[in-house]
Amino acid sequence: MKNAFLSAAASVAFSALLALTLRPGPVRAAQTAAPSPEQTIAASAAAATEIPLFHAQTYDRSVLLPVLREGETVRMDLHTYLTGVLLAELPPDFSDEARKAQAVACRTYALRSDARRRHEEAAVCTDSACCMGWTDPAAVSAERRAQAEAAVDATDGLAIFYEGRLIDATFFSCSGGMTEDAAAVWGGDLPYLRSVPSPGEEGAAHFSDEKQVSLAEFQSVLRSADPAVSFPEQLGAWVGTVTRTAGGGVDVMVLGGRPFRGTELRKLFGLRSTAFTLTLTDETASFTTSGYGHRVGLSQYGAEAMAREGKSFREILTWYYRGVTVEAASG
Ligand SMILES: [Zn+2]
């Protein structure tokens, strides 16, 4: 049965091939002389037949992205670029739907960066601290490469839009339970980047962390940032009022009588996030942080938790980016 089927299929394919190969050349004739109506019809019919044979290229493979890599701008097709980004940005044990959600977010980020030329000559660079990380797909095992490629292929050409425009598809590792408003971190409000609950992240490596510095270092770091700070004898008076953002981050914390933004304290003390509490003892200042990253947009560990609950990549994306649509970028 199997052989009979194969041979029938092969015979059909061979006939189609034969028909194309033996077809007289109206297309070539039409290029050199004005075509007769019959020739035009024959040419269109022939072209329509040929398209599947010569246009198997996907959207991602047809887009060439200028990428700044090791100080040089290289043109990379979007499929190769996104495969490398997934390899660099996501752990290999993540679920398929989480990986697809990440692929769409990264494609959106890349296309938007291309339109705005984030770097002078390049759309993006391969520095994870600036744009997104990138691991050469040729440098990993065939199995890992296939896993990343499958997520890129399954979402080929799809991007995220808000009111018809590509969104700023920011993402981060782990929120600690709640994502953050864009306005709380970068000042500008974006309606699709608002604080949302992000349950199920407890298993993430940096769901909660502690960072300790000596009291002397604590004082000196703050003093170098604002020389007007003062630290009275009473330790309890060192920490003043604290206001918090919608996503549970520190908005402003008064320390040594001076106001500090949560984002500034994160940088000054190298904290994993702005969502922290501070405890002072006679010898140490200890920060307990929730989550890892700026906490705006898609949470990678939150996406993984949703995927494990059976949610699709579209459900994941429309949870973390509010009011958006997931559509073909080419459309
Ligand atoms: Zn960059």
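Me: How far apart are the end C-alpha atoms of helix α7 (residues 142-154)?
Reply: This is a predicted model. Helix α7 has 13 residues, and at 1.5 Å a residue these should span 18 Å. The distance between its end C-alpha atoms agrees with that: 18 Å.

Me: Over what arc around the axis do the buried residues of α7 lie?
Reply: The buried residues in α7 are A148, A151 and V152. They are on the same side of α7, because the arc they cover is only 100°.

Me: Which exposed residues does the face of α7 turned away from its buried side carry?
Reply: The buried residues of α7 have a cover that includes α4 (59-62), α5 (78-89) and α6 (96-116). On the face turned away from that buried side, the exposed residues are A142 and E143.

Me: Which strands stand at the edges of the open sheet?
Reply: The sheet has 3 strands with antiparallel pairing, in the order β5-β4-β14. An edge strand has a single partner strand here, so one side of it is left without a neighbour in the sheet. That applies to β5 (165-166) and β14 (325-328).

Me: Which residue in β5 does F161 stand opposite?
Reply: Strand β4 (residues 158-162) runs antiparallel to β5, and 2 bridges join them. Opposite F161 stands L166.

Me: What angle does the direction of α6 make with that of β4?
Reply: Helix α6 packs on the sheet and touches β4, β5 and β14. Its direction and that of β4 make an angle of about 70°.

Conventions: Residues numbered from 1 in each chain as written. Predicted model: local features only at pLDDT ≥ 70, side-chain atom pairs only at ≥ 80, totals over all residues. Helix = DSSP H or I, 4+ residues; strand = E, 2+ residues; numbered from the N terminus. Expected span 1.5 Å × (residues − 1). Buried ≥ 20, exposed ≤ 12 C-beta atoms within 10 Å, placed from the backbone. Arc of directions from axis to C-beta. Contact = placed C-beta atoms within 7 Å. Pairing = 2+ DSSP bridges. Axes fitted to C-alpha atoms, helices over the stretch in contact; angles between N-to-C directions.
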